[in-house]
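Work through the exercises below with the model open. Try each task before reading its solution.

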Amino acid sequence: MPVPAGGNRRDNRGHPVERAQDEKEDLARMLIAAARYQVHTRSPLGFVYTPLSLAAHEDPASFTPERLLALPHTDMVADVVAQVYRAADSALAGLRARTSPQACTVGPTFPDFGGRITADADLAADGVLIDFKSTRYPQTLRQHDAWQLLGYLLLDASDDYRVDTVGVCFTRSEVLATWSVEEYLDLLGTCRRALAELRAVFARLLNGCTADLEPWDPDDIGRVQRLLADLEPQAAPGHCLVCTQPLPAGSRKSFCTAWCATLRHHGHLSPAHGPVPPERRRPAEPGPGWEVVSITPVARARHTTGTEQPAS
């Protein structure tokens, strides 16, 4: 088959993402199968309950590639196809147009720091690190998703992907949210802004870690506490006790912002910087003769529709 004038169609950034319907469905089925095999790599115990595992154990002799691709329900296949096409018409189209295939790494991997840590992000494209989410609720970036993206950024200890921007792509809503590295660290309340320093600290934390083999070990607590003590910022006179940034001239405050004060009150500094103020300590337990007569929960604000009543 002759090569089109524009070169390989996949490498031609000006060519639309277009396939025949049967090709789209076959691609979706292969993607679903690959996702289930990835479950096996990350969590063999969880893989036991997947349709793929159940079908393979039910009749191993008849488990052919055709049987594998026939497993996903048609509704699931249609959903994946729709997400692929939303991505093609979303903000990713601009990223695709301005990057070359050579500048894109699918599933970028990172060092294991001498332990048993396996991690791979979704896409690194010309300095942009992107994580894809198919959540039905794209209005909110969950905390553990935010930490996950930060973890990928810090795992790139040798700066192989030269990341200067991080982002999340919500595949169901065609939203691509991106932040510069500096802005992202600021949003997460990171006191240390030097990315190389943060990566070095993270490498020390993960050195010899066997998280994939043993998720938690009692010795980890002491090791992490010692590391945090070594890394504790030492504030010079006239500087914030938390982030060590200089305070305004003549200021009598100990913290540059209310956020730093909050961190201090929640014990994010060692006792070497002074005791936690009494009003911020854990409430005392009821003494002799005390009686708890009621507990009033704090009502959280929530979105209401015309048929709902606000929380009282």
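This is a predicted model: local features need pLDDT of at least 70, side-chain atom pairs count only at pLDDT 80 or more; totals for chains, interfaces and linings use all residues.

**Exercise 1. The whole protein**

Task: State how many helices and strands the protein has, and what share of its residues is buried.

Solution: 
- Start with the elements. The protein has 11 helices and five strands.
- Turn to burial. Of the 312 residues, 26% are buried.
- End with contacts. Take those between residues at least 6 apart in sequence: 52% of them join residues at least 24 apart.

**Exercise 2. Aromatic pairs**

Task: Classify the ring pair Phe-110 and Tyr-161, then the pair Trp-179 and Tyr-184.

Solution: 
- Know what to look for. A pair of aromatic rings is described by the distance of the centres and the angle of the planes.
- Recall the cut-offs. Centres must lie within 6.5 Å; planes over 60 degrees apart count as edge-to-face, under 30 as stacked, and the rest as tilted.
- Count the pairs. This rule gives four aromatic pairs.
- Apply the rule to Phe-110 and Tyr-161. Their ring centres are 6.0 Å apart and their planes meet at 80°, so this pair is edge-to-face.
- Phe-110 sits in the loop between strand 1 (104–106) and strand 2 (123–125). Tyr-161 sits in the loop between helix 7 (143–155) and strand 4 (165–170). The pair links distant parts of the chain, 51 residues apart.
- Check burial. Phe-110 and Tyr-161 are both buried.
- Now take Trp-179 and Tyr-184. Their centres are 5.4 Å apart, with 40° between the planes: a tilted pair. Both residues are buried.
- Look for a cluster. Phe-110, Tyr-152 and Tyr-161 form one.

**Exercise 3. A surface patch**

Task: Decide whether Tyr-49 is buried or exposed, and name the patch that holds Tyr-49.

Solution: 
- Find the residue. Tyr-49 lies in the loop between helix 2 (44–47) and helix 3 (51–58).
- Compare with the cut-off. Exposed means over 50% relative accessible area. Tyr-49 has 64%, so Tyr-49 is exposed.
- Name the patch. Leu-45, Val-48 and Tyr-49 make up a nonpolar surface patch, with about 360 Å² of accessible area together.

**Exercise 4. A buried charge**

Task: Find what surrounds Arg-36.

Solution: 
- Locate Arg-36: helix 1 (residues 21–42).
- Search for a partner. Arg-36 is buried yet has no salt bridge. The nearest side chain of opposite charge, Asp-79, is 11 Å away.
- List the contacts. Beyond neighbours within four places in sequence, Arg-36 touches Phe-47, Pro-51, Leu-52, Leu-71, Pro-72 and Met-76.

Notes: Residues are numbered from 1 along each chain as its sequence is written. Side-chain values use heavy atoms; hydrogens and water are left out. Helices (H or I, at least four residues) and strands (E, at least two) are DSSP runs, numbered from the N terminus. Buried means under 20% relative accessible area, exposed over 50%, partly exposed in between (1.4 Å probe, protein chains only). Patches are made of residues with over 30% relative accessible area and no salt bridge: like charges are joined within 9 Å, nonpolar side chains (Val, Leu, Ile, Met, Phe, Trp, Tyr) within 5 Å. Accessible areas come from the Shrake-Rupley method with a 1.4 Å probe; for residues, only the protein chains shown count as cover. A salt bridge is a side-chain nitrogen of Lys or Arg within 4 Å of a carboxyl oxygen of Asp or Glu. Lys and Arg count as positive and Asp and Glu as negative; His and the chain ends are not counted. Contact means heavy atoms within 4.5 Å.
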